[in-house]
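Here is a short tour to read alongside the coordinates. Please have the sequence and the 3D view open as you go.

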Amino acid sequence: MSATQDHGGSGASGRTARTAAVIPAAGRGVRLGPGAPKALRPLSGTPMLVHAVRAMAGSRSVSLVVVVAPPDGADEVRLLLDAYPLSGSLTHTTEVVVVPGGETRQESVRKGLAAVPETVTTVLVHDAARPLVPVDTVDAVVAAVRDGAPAVVPALPLADTVKEVEPRTGERTGEPEPVVGTPDRALLRAVQTPQGFDRATLVAAHEKIALEGDGATDDAGMVERLGVEVVVVPGHEEAFKVTRPLDLVLAEAVLARRRANDGF
Ligand SMILES: Nc1ccn([C@@H]2O[C@H](COP(=O)(O)OP(=O)(O)OP(=O)(O)O)[C@@H](O)[C@H]2O)c(=O)n1
Ligand SMILES: C[C@](O)(CO)[C@H](O)COP(=O)(O)O
């Protein structure tokens, strides 16, 4: 079977989908600086979002990808995805649908989740801003969910020592901040995406947070508030998030290394 791209609406047929990936891509990328929405900016000539979609579609488990576009940019994103094939070498079919996003990442994920059919049992949530995650990392997350974990996050140990500070605010912004503690680094992990969930658990977490009106910076954090266990599997250094301009330099270097290793 060949890869398919069905960008034609806000829903998905879901006839055969069991694992779906929701890709929030509606952010502006303020920390990256002025320009197009971050997900649409090129990496080696290909939009970041396309790299992210290919990373999810590259997993044999993923049969549906829901792309959450900037609120007023769903048509543009559909056209863009039509212009770039998923991959010439996929041996399975992946359906790609596009829905408009919201003002926050949380809202965007919730809108993407609404387009995931109930036949899907495992949902991945993956930042468009982590375009270079290797397929082995995606597969490890899916496997852990299928083995029974309701919520799984890929993560890495920290390279830096971390300090807890008393932030300076208001008129004192910019003054040196007093250190109030040094957490044991061995107990800390920097978490990445894709984060994987039993579908019902993720839906319940988003419903609870929507009602409480209080956000979380990642989806696993919302599941933690349900009192449901979240587990960590090894992340990958190439799954870093493109946030600031220097991250673009690193992303180009990773792609150049991949091209060299592939013999192109
Ligand atoms: N309203 C939003 C905000 C963020 N995201 C997505 O969430 C992911 C992680 O967010 P982040 O890296 O913070 O992206 P931005 O919000 O675009 O970055 P910034 O905070 O610098 O503006 C990105 O793929 C981004 O597109 C989203 O779908 N909808
Ligand atoms: C979900 C995430 O990528 C996990 O590390 C991160 O929390 C997103 O944070 P951001 O502030 O929206 O970039």
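This is a predicted model: local features need pLDDT of at least 70, side-chain atom pairs count only at pLDDT 80 or more; totals for chains, interfaces and linings use all residues.

## Around the first ligand

## Around the second ligand

Now let's turn to ligand 2. Its surroundings are R105, D127, V191, Q192, T193, T217, D218 and K241. Sorted by class, the ligand 2 shell contains 1 nonpolar, 3 polar and 4 charged residues.

## The nonpolar core

The largest nonpolar core holds 61 residues. Within this core, the members touching the most others are V22, I23, V53, M56, V65, V66 and V67. Helix α1, spanning residues 48–57, supplies the largest share of the core, with 8 residues.

Setting aside neighbours within four places in sequence, V65 is in contact with A21, I23, V53, M56, A57, T94 and V96. Two of the names in that list, V53 and M56, fall in the range of helix α1, residues 48–57.

## Strands β4 and β5

Strand β4 covers residues 62–69, and it pairs with β5 in the parallel sense over 6 bridges. Along this pairing, A69 stands opposite P100 in β5.

Is strand β5 mostly covered or mostly open? Strand β5, residues 95–100, is mostly covered, with 5 of its 6 residues buried.

Note on methods:
Residues are numbered from 1 along each chain as its sequence is written. Chains are lettered from A and ligands numbered from 1 in the order in which they are written. A residue is near a molecule or strand if its C-beta atom, placed from the backbone, lies within 6 Å of it. Ala, Val, Leu, Ile, Met, Phe, Trp, Tyr, Cys and Pro count as nonpolar, Asp, Glu, Lys and Arg as charged, and the others, Gly among them, as polar. A nonpolar core is a set of buried Ala, Val, Leu, Ile, Met, Phe, Trp, Tyr and Cys residues joined through C-beta atoms within 7 Å. A residue is buried if 20 or more other C-beta atoms lie within 10 Å of its own, exposed if 12 or fewer, and partly exposed in between; C-beta atoms are placed from the backbone. Helices (H or I, at least four residues) and strands (E, at least two) are DSSP runs, numbered from the N terminus. Two residues are in contact if their C-beta atoms, placed from the backbone, lie within 7 Å. Two strands pair if DSSP finds at least two bridges between them.
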